[in-house]
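Student: Could you take me through one part of this model closely, strand by strand and contact by contact?

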Amino acid sequence: QVHLVESGGGLVQAGGSLRLSCAASGRTSSIYYMGWFRQAPGKERDFVADISWSGGITNYVDSVKGRFTISRDNAKNMVYLQMNSLKPEDTAVYYCAADGNRRLRFGVSDYWGQGTQVTVSS
């Protein structure tokens, strides 16, 4: 089992920045990819970005490319999402995910965090 805990959400004005953090604990040796998803009110949970745990290979959804950066610190079992130039449409609950395969971009994950709210005001 892998336990994920997100932090760093909050309220920010459009154009501002936030950094989300996700702490992984438990059987972290089983993680192959980690990533972030988001779910806006009344919408489905969508893939945002992922990163390979060993090689740092990253992938992003087109709507956040150039604004968001995903990174990881293997020694601390942490993954981060730096969000810049935030827009009101980025408002959502953001979820950390960890998978033993490479399935995050397909919306599949072995483990999920509880989510952290990000609200961007116009």
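Tutor: Tyr33 stands opposite Asp99 in E9, a strand in the DSSP sense (E, a run of at least two residues, numbered from the N terminus). This is a predicted model, so local features need pLDDT of at least 70 and side-chain atom pairs count only at pLDDT 80 or more, while totals for chains, interfaces and linings use all residues. Residues are numbered from 1 along each chain as its sequence is written, and side-chain values use heavy atoms, leaving out hydrogens and water.

E4 (residues 33–39) is mostly covered, with six of its seven residues buried; buried means under 20% relative accessible area, with a 1.4 Å probe and protein chains only. E4 runs antiparallel to E9, joined by seven bridges; strands pair if DSSP finds at least two bridges between them. E4 also pairs with E5 in the antiparallel sense over seven bridges, and there Phe37 has Phe47 as its bridge partner. The hairpin of E4 and E5 has five residues between the strands, and in this hairpin Gly42 takes a positive phi near 75 degrees.

Now follow E5 (residues 45–52) to Ser52. Ser52 is buried, at a relative accessible area of 4%. Its contacts (heavy atoms within 4.5 Å) include Tyr32, Tyr33, Ile57 and Arg72, leaving aside residues up to four places away in sequence. The Ser52 side chain also reaches the backbone nitrogen of Ile57 at 2.8 Å.

Conventions: Helix = DSSP H or I, 4+ residues; strand = E, 2+ residues; numbered from the N terminus. Buried < 20%, exposed > 50% of the residue type's maximum accessible area, 1.4 Å probe, protein only. Polar contact = N/O pair within 3.5 Å; in protein donor to acceptor, adjacent residues only side chain to side chain.
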